[in-house]
Amino acid sequence: QNMAVVSLESGVRTGEYALHFEDNPDVSEIYTERARRELRETPEVKAKALAELRQLLQNEPNLIVPLDNELFLLSYLRACKFYPESAFERMKRFYRFKNKFPKYAENLLPSLDKNVFEQCMLTVLPLRDQHGRRILMLEAGTKWKPKVCSLVEIIRGVMIIVEAAILEPKTQISGADVLIDLVGLSVNHVWQFSPSFASMLLEWVQECVPLRIKSIHIVNQPYIFNMLFAIFKPFLQEKLRNRIHFHGDDRTSLLKHFDSKCIPTQYGGDMFLPTEQGVHLYNYLCLFEDKYEKTSKQGYIPKKKNKG
């Protein structure tokens with residue numbers, strides 16, 4: 001049976017696996033313990049940091065965010081180990097980014113970005129890794145036809161997925177891994193990238209988004225990948241650079257980092273996914289369109305243009 005089933009109850013079901021958006025704030029002891037150990041999170045620290053962050057936000061004119069949404073505030077506090085000032089700075093950078101790069105970051109509604117999901121380049125794996133992290137998979141070689149799907153669309157697709165992930169308590173606590181399959185990457189693909197694009201994307205990843213990217217794994221990269229990586233290298237901070245792993249076609253190398261049960265069979269793991277997520281992931285995200293509508297209205301109110 002290789003049909004996918006999509007509903008709020010079943011999530012995105014492919015074969016024996018189901019992907020669910022998990023926003024339940026009550027997480028198991030493994031997670032509360034990890035949050036305490038890695039993020040300094042205790043009920044006292046949390047209450048104090050939430051109060052301080054709310055205070056800072058109340059004093060920030062023109063920034064519209066849901067002060068009563070604890071899960072939203074926690075996405076920034078957890079990403080910044082409960083230092084309210086840092087969380088506040090990160091949030092300001094996030095919303096300034098949104099205004100600075102509207103073609104990537106504005107109106108992130110699943111309904112408007114169907115095309116990228118139809119290409120089956122983006123997959124959120126249904127199981128978390130052995131550390132509780134979400135795994136986002138991007139197949140940006142053979143499946144990517146730049147004439148059919150632009151780089152802007154790919155980034156918007158990633159941002160739409162990340163919007164959901166940062167509201168999952170388990171993901172806030174444990175972070176995320178990114179698996180990038182570059183089989184079939186060509187000169188034509190590399191030509192889509194520029195230093196200004198690389199700078200923009202790494203600004204978002206490193207300075208803005210409230211998500212702990214714990215590792216990036218590059219697999220099946222051909223020789224031409226060196227040209228692409230050279231474009232990104234000047235903008236990579238050491239912390240992220242140290243979390244990037246290059247595996248080529250060496251499956252044992254990848255499986256040193258992951259429990260095989262959470263990695264698809266095509267990469268040497270045990271997870272057999274009979275159908276591509278693609279449109280099913282899109283249909284699932286569309287069930288949360290109203291949440292995305294609300295989120296897209298958050299941010300700095302644009303300054304009124306003076307009519308002269």
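Analyst: In this predicted model, the centres of domain 1 and domain 2 lie 24 Å apart, taken over C-alpha atoms. Domain 1 covers 29–105 and domain 2 covers 110–287, according to the domain assignment. The part to examine is where they meet.

Start with the extent. On the domain 1 side, 22 residues are in contact with 29 residues of domain 2. Together the two domains bury about 2300 Å². Carbon and sulfur atoms account for 62% of that area. Three residues stand out on the domain 1 side: Tyr 31, Phe 97 and Tyr 104. They supply 31% of the area that domain 1 buries against domain 2, more than any other three residues.

Now the polar side. The interface holds 3 salt bridges. It also holds 10 residue pairs in polar contact. Which elements of domain 1 give two or more residues to the side that touches domain 2? They are α1 (29–39), α3 (70–79), α4 (84–100) and α5 (102–105). Of these, α3 gives the largest share, with 7 residues. By type, that side of domain 1 divides into 14 nonpolar, 1 polar and 7 charged residues.

Lys 100 pairs with Glu 203 through their side chains, at 3.3 Å from N to O. Lys 100 falls within the span of α4 (84–100).

The buried set runs through Leu 71, Phe 72, Leu 73, Leu 74, Ser 75, Tyr 76, Leu 77 and Arg 78. The cover over these residues includes α1, α2 (43–58), α4, α8 (169–174) and α10. Both ends of the helix have a feature to check. After α3 comes Lys 81, with a positive phi near 50 degrees. Lys 81 sits in the loop between α3 and α4. Its relative accessibility is 37%, so Lys 81 counts as partly exposed.

What does Arg 212 touch? Leaving out residues up to four places away in sequence, the list is Glu 38, Leu 39, Arg 78, Ala 79, Gln 172, Ile 173, Ser 174, Gly 175 and Ala 176. Arg 78 is among the buried residues of α3. Arg 212 itself is found in the loop between α10 (195–208) and β8 (213–219). Is Arg 212 buried or exposed? Its relative accessible area is 11%, under the 20% cut-off, so Arg 212 is buried. The side chain of Arg 212 makes a polar contact with the side chain of Glu 38, at 3.3 Å. Glu 38 can also be placed relative to Ser 28. The two are 10 residues apart in sequence and 16 Å apart in space, C-alpha to C-alpha. Ser 28 is found in the loop between β3 (17–19) and α1. Its relative accessible area is 38%, so Ser 28 is partly exposed.

For context, compare charged pairs elsewhere in the chain. The count of salt bridges comes to 21. One of them joins Arg 128 and Glu 22, with the closest N and O atoms 2.9 Å apart. This pair links distant parts of the chain, 106 residues apart. Arg 128 lies in the loop between β5 and β6 (134–139), and Glu 22 in the loop between β3 and α1. Arg 128 is buried at 13% relative accessibility, whereas Glu 22 is partly exposed at 27%.

Lys 143 lies in the loop between β6 and α7 (151–165) and Glu 276 in the loop between α13 (251–255) and α14 (278–286), so the pair ties together parts 133 residues apart in sequence. Glu 276 counts as partly exposed, at 46%.

Back to the interface, in brief. α3 gives the domain 1 side its largest share, and Arg 212 touches Arg 78 and Ala 79, among others.

How values were computed
Residues numbered from 1 in each chain as written. Predicted model: local features only at pLDDT ≥ 70, side-chain atom pairs only at ≥ 80, totals over all residues. Heavy atoms only, no water. Domains from an automatic or database assignment. Contact = heavy atoms within 4.5 Å. Buried area = accessible area lost by both parts, 1.4 Å probe. Salt bridge = Lys/Arg side-chain N within 4 Å of Asp/Glu carboxyl O. Polar contact = N/O pair within 3.5 Å; in protein donor to acceptor, adjacent residues only side chain to side chain. Helix = DSSP H or I, 4+ residues; strand = E, 2+ residues; numbered from the N terminus. Nonpolar A, V, L, I, M, F, W, Y, C, P; charged D, E, K, R; others polar. Buried < 20%, exposed > 50% of the residue type's maximum accessible area, 1.4 Å probe, protein only.
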